[in-house]
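Hi everyone, thanks for coming.

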Amino acid sequence: MRLLRLRDRSLAFQFGLIVALDGLLLVLGDALVGAFLRSGDTARAVLIEAGLSFILFIPPGYLLIRLYRSIARPLESLSDSIRRYQDGDLSARVTPSSAATSEVGYLERSFNSMGERIELMVGGLREVDRLKTEFVSTVSHELKTPLTAISGYVRLMLAGDAGPLSLEQKEFLGIVDSNAMRLTSLINDLLDVSRMEGARVVVEKSPFDLRDALEECGKTLRVLADSKKLEFSVRVPEAPLRIDGDRDRVIQAILNIGSNAVKYTVRGRVSMDAEVAGESVVITISDTGIGMTQAEMSRLFEKFYRVRSKLSEQEGGTGLGLVIARGWIEAHGGAITVDSTLGEGSKVRIILPLLSKVETVADTTGRILLIQSDADLRSLLARALERRGYVVDQLDRGATAVERIRTGGYRAVVIDSRLKDLSGAAVLELWKRSGAKNVGAIPALLIGEGTQFRMDAGLDRLVSALIEAFD
Amino acid sequence: MKLGGMMPARILIAEDEEHIARLIEFKLRKDGWIAQIAPDGGQASSLLKTEDWDLLVLDIMMPVKDGWQVLRELRASAKNAAIPVLMLTAKGRTERLLAQDPAWGRFELLAKPFDPGTLSAHIRALLGEGA
């Protein structure tokens, strides 16, 4: 339907209808694909304006119908598909209109092939991510196995289980032991950091009271502080600090920062104070340690960076602790800020979002717990359910599921029969046996072993079936 | 089954790494228990079926059957549903989540590398033999 090609790019709007010169111009890319002009004079004006050599005249009525069929209708379906795509449905494609040779047809084909390419790429990235996870876990196992033997036998000898030792033998074995320990914590840190790279860090969330976690950290830190004869204090508010997160990870982050504070303090005190600030909790860890220069502070979160001082040489460490702490805190939607004066001490603030009361109340109405080990299927199901207005909590394994089903206030539970740790049926059985009040009160749906569905057409049917079962 | 607390407990060690298995066996015998090694998950399963044990030390990454599979079978069987299990893992935190499940019954997780003394303490606690 190309009538004219514009030579003047000033008229070349990306796409759209232009009201100009007493008429309408339909422009697609740099091509004028249609014109509805009132008179021959206007046509001549366009001709001059656009530097065209000729204009083909077509009766207006015919033109409008053709325009609708060949452009407006296909564009409508194209923009529909784009919208679906934007909503995250990567399988969205457009059915090519008959005008295969037109600009619109070209757009449709481009959109579809873009979709194919992106789907392939995303699939590839997932595969890379999966391989990386597998690699990390294999390396972890391969490195820790010999370490287990080394430190295990050394400890046996140190404990005198293999006979009495001379003082020197004891001392030397002690050196082997402490180095094996260092290697172990280095491996653990490296594994954590490698998990944080690339793919989004995922934390398994469940609500907990931060005050207990802080007390637990306080116990560990107090031992460290006592050994250096430092004052140590923990202050928490009286009201609970509810946080939705991975308790172990949060503790790890706080301990990493807290042990740094102790490490870089020679005399004086280390304190840990938590207080509510709006929708968040702020944990302030202060010390009267050696402090940092501005330059040192700016490099603080670099991997393997360590503030240069006699202290850091004595104390050891990998320079990964803060990187890991920040990784976990950010994965919880929080942040870490640092304030320090050389020679006076440092102040690190950990900010974590609190689980708001409003949220917990609202959530109990349309909340669904989805337990599925296959990550692709899980996110597809979750999205499909979310599109229907449910709030979906996701778990990738059965082990922690029972507690969540018991206490999560869910509208329904959807569980796959084959999880990577337990069977779905086992999880449901455990829930029943737990004597929870909501047994029988909320529907639990087991996606059977035979439920094979492709990720496009079958999915919607499955979701509809699930929702029917909820109601 | 344990006979009136007079006989030392019988402990099966399911661990494929020879050096680690020997380390555990040495420590357990030293501490007065009867210990035997099963070098893979399959052999562990059949030894659990054919003989009586008071406790299982179970590695996760093993050939034939992994530790979780052995544990699942164990809990499903009438004979060993209640036997205490000490699981060893080199994979760390992710496994800790799994271990929180009350379904595992008397069950504990010990991270590799471990101190043999700590291993013994865990076993004593699982067997209910006073500290």
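I'll start with the overall picture and then go to individual side chains.

First, the ground rules. This is a predicted model, where local features need pLDDT of at least 70, side-chain atom pairs count only at pLDDT 80 or more, and totals for chains, interfaces and linings use all residues. Residues are numbered from 1 along each chain as its sequence is written, chains are lettered from A and ligands numbered from 1 in the order in which they are written, and side-chain values use heavy atoms, with hydrogens and water left out.

Let's begin with chain A. It has 14 helices and 15 strands; those are DSSP runs, H or I over at least four residues for helices and E over at least two for strands, numbered from the N terminus. Of its 471 residues, 44% count as buried. For that term, buried is under 20% relative accessible area, exposed is over 50%, and partly exposed lies in between, with a 1.4 Å probe and protein chains only. Among contacts in chain A with a separation of 6 or more, 65% come from residues 24 or more positions apart, a contact being heavy atoms within 4.5 Å.

Now, confidence. The average pLDDT of chain A is 76, and 75% of the residues score at least 70; pLDDT is the predictor's confidence in each residue, from 0 to 100. Residues 1–21 of chain A are below 50, though this stretch has 65 contacts in the model beyond near neighbours in sequence. Residues 449–458 of chain A also stay under 50, with 11 contacts beyond four places in sequence. Where pLDDT is low, the predicted coordinates should not be read in detail.

On to salt bridges, where a side-chain nitrogen of Lys or Arg is within 4 Å of a carboxyl oxygen of Asp or Glu. The structure holds 23 of them over all chains. Which residue of chain A does B:D115 pair with? The partner is A:R155, with the closest N and O atoms 2.4 Å apart. This pair crosses between chains, from the loop between strand 5 and helix 5 of chain B to helix 3 of chain A.

Within chain A, A:R247 and A:E216 form a salt bridge at 2.9 Å. They link helix 6 to helix 5, 31 residues apart. A:R247 counts as partly exposed because its relative accessibility is 28%, and A:E216 is partly exposed too, at 38%.

Another one joins A:E231 and A:R269, 3.5 Å from N to O. That takes us from strand 6 to strand 8 of chain A, 38 residues apart.

Strand 8, residues 269–277, also holds A:V270. Is A:V270 buried or exposed? It is buried, because its relative accessibility is 1%. Beyond residues up to four places away in sequence, A:V270 touches several others, including A:E231, A:F232 and A:D287.

Let me finish in chain B. The structure holds 1 aromatic pair over all chains, formed by B:W68 and B:F107, tilted, with 6.3 Å between centres and 35 degrees between planes. Here rings of Phe, Tyr and Trp (its six-membered ring) pair if their centres lie within 6.5 Å; planes under 30 degrees apart are stacked, over 60 edge-to-face, and the rest tilted. The pair links helix 3 to strand 5 of chain B, 39 residues apart, and both residues are buried.

Thanks, everyone!
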